[in-house]
Amino acid sequence: MGGVRTALFNYLFAKKHGGDFILRIEDTDQNRFVEGAEEYIAESLNWCGLIPAESPATGGNYGPYRQSERKHLYKQYADQLVESGWAYFAFDTPEEIDQLRKDAESKNETFSYGIGTREGLNNSLNLRKEEVQKKIDKGEPYVIRFKMPVDLDVTENDIIRGSVTFNTTKSLDDKVLFKSDGMPTYHLANVVDDHLMEITHVIRGEEWLPSLPLHVLLYQAFGWENTKPQFAHLPLILKPTGKGKLSKRDGDKMGFPVFPLQWKDSGTGEIFRGYREDGYFPEAFINLLALLGWNPGTDQEFFTLEELADVFSLDRVVKSGSRFDPEKAKWFNKHYFQQKSVDELSAQFKPLLAEKGIEADDLRIKRVVAEIKERCEFITDLWEQGSFFFTAPAMYDEQSVKKRWKQETPEQLSEIKSVFAKIDNWTATAIKDSFSAFMTEKGWGFGAIMNPLRLCLVGGNIGPDLFIICEILGKEETIGRIDKGITEISR
């Protein structure tokens, strides 16, 4: 959800200002590569209607749009930083770094590779130029780290948060820019690509705010200050309790999806629910996300994508986290469900019926949907509310039977069945007229008969107007269900 919301805000901002929304696949961290993730991202954006102007699939003037395919670009920029004194080669092994961390922990301290420690470590700041070259020539593994300036206040304007300041000595370490596997880290790759692709605005999650000063300094180090994009860091999406960032595990615990589409973890085999598969409409999902951390300044809550783009502005994005409400998500979906035509809903309901082995003609499906639509908020609700239209009840609600089924009920229903058998014009109106005339003649209470009759037809105390149910079921099916109900319930 968080990733899609970030994409949505980027999309809306680009559309509002006549710009382009770009999809770039940032796959430089081979340890975190996930099979199928790129396809999943593209399909999710497509389902939401967030179609990028440039992407790996569509291409563009600034491709390629996968960072792994731009690998040849980054080393020259990393070397440029070393030559200009903004970066250095570090030959420390992972084992040596781990030992330094453990030593610090034993003293209740935290190890940080940077201003306070770099002078005593195995890097080009402490080695002669000849030694450095010898190590490189021998193929000794190394990384390239950014050389953080000492005691410098880095100030940048965040569009959402205003002016933010970081002190290099107090809060920043020497981040790795280029790894021993020949790939750049996020920091170097994104700054280089944003510059080369002429990106004007970077809108990303709050978790990247601590990286902002490094990126600002990288633009300075490259001499690209004049083309530096503007930054905006979005607030977190919080758990329904309001405490802590929403995670993929929260959905499993609390019974709602956190992914746009169903996602299968290739490592563990776990399957996480998706909004699409849970029956949400993309319009509902988009409206839900748009109002998580942003408001239009009016009472309007339902928007098309075009309407959102017209009114969207980053100055109405809040700084603090926004609590996710699963019930609000259902409320949005119900609204869009009710807005859809019977034809649209019927077309989506038909495959669900087919999955259950039920074949029904389109006219019958549309008639059923029209009768029960107002009670539903998901396509699956159509089955829950109207399954009896397609299959006779296999059991009868015990509470309703206990309350409604009397000793005289079987005989009364048998007489009703005889009345129904004589009706030639099988419509709800004709059925009701014949039933009412007979009931008046007998002097029976309507409720005493209609409730057990409903039990026979639908299995419980549910459903729309009883005579409409009779009409849709048809004369033969209605009489057959009365017969079955008398037999089964009277046992």
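Biologist: How many residues does helix H21 have?

Modeller: This is a predicted model, in which local features need pLDDT of at least 70, side-chain atom pairs count only at pLDDT 80 or more, and totals for chains, interfaces and linings use all residues. Residues are numbered from 1 along each chain as its sequence is written, and side-chain values use heavy atoms, with hydrogens and water left out. H21 covers residues 475-489 and reaches 21 Å from its first C-alpha to its last, close to the 21 Å expected at 1.5 Å a residue. H21 has 15 residues.

Biologist: Where on H21 do its buried residues lie?

Modeller: Those buried (under 20% relative accessible area) include Ile479, Ile482, Ile486 and Ile489. Seen down the axis of H21, the buried residues fall within an arc of 160 degrees, so they line one face of the helix.

Biologist: What covers the buried residues of H13?

Modeller: In H13 (residues 342-355), the buried residues are Leu345, Ser346, Phe349, Leu352 and Leu353. Their cover includes helix H12 (326-339), helix H14 (362-372) and helix H15 (379-386).

Biologist: How are H1 and H10 oriented to each other?

Modeller: The axes of H1 (residues 2-16) and H10 (residues 282-290), lines fitted to C-alpha atoms over the stretch in contact (heavy atoms within 4.5 Å), come within 10 Å and cross at roughly 85 degrees. Val4, Arg5, Leu8 and Phe9 of H1 meet Phe285, Ile286, Leu289 and Ala290 of H10 in this contact. Because angles of 65 to 115 degrees count as such, H1 and H10 are roughly perpendicular.

Note on methods. Helix = DSSP H or I, 4+ residues; strand = E, 2+ residues; numbered from the N terminus. Expected span 1.5 Å × (residues − 1). Buried < 20%, exposed > 50% of the residue type's maximum accessible area, 1.4 Å probe, protein only. Axes fitted to C-alpha atoms, helices over the stretch in contact; angles between N-to-C directions. Parallel < 35°, antiparallel > 145°, perpendicular 65-115°, else oblique. Arc of directions from axis to C-beta.
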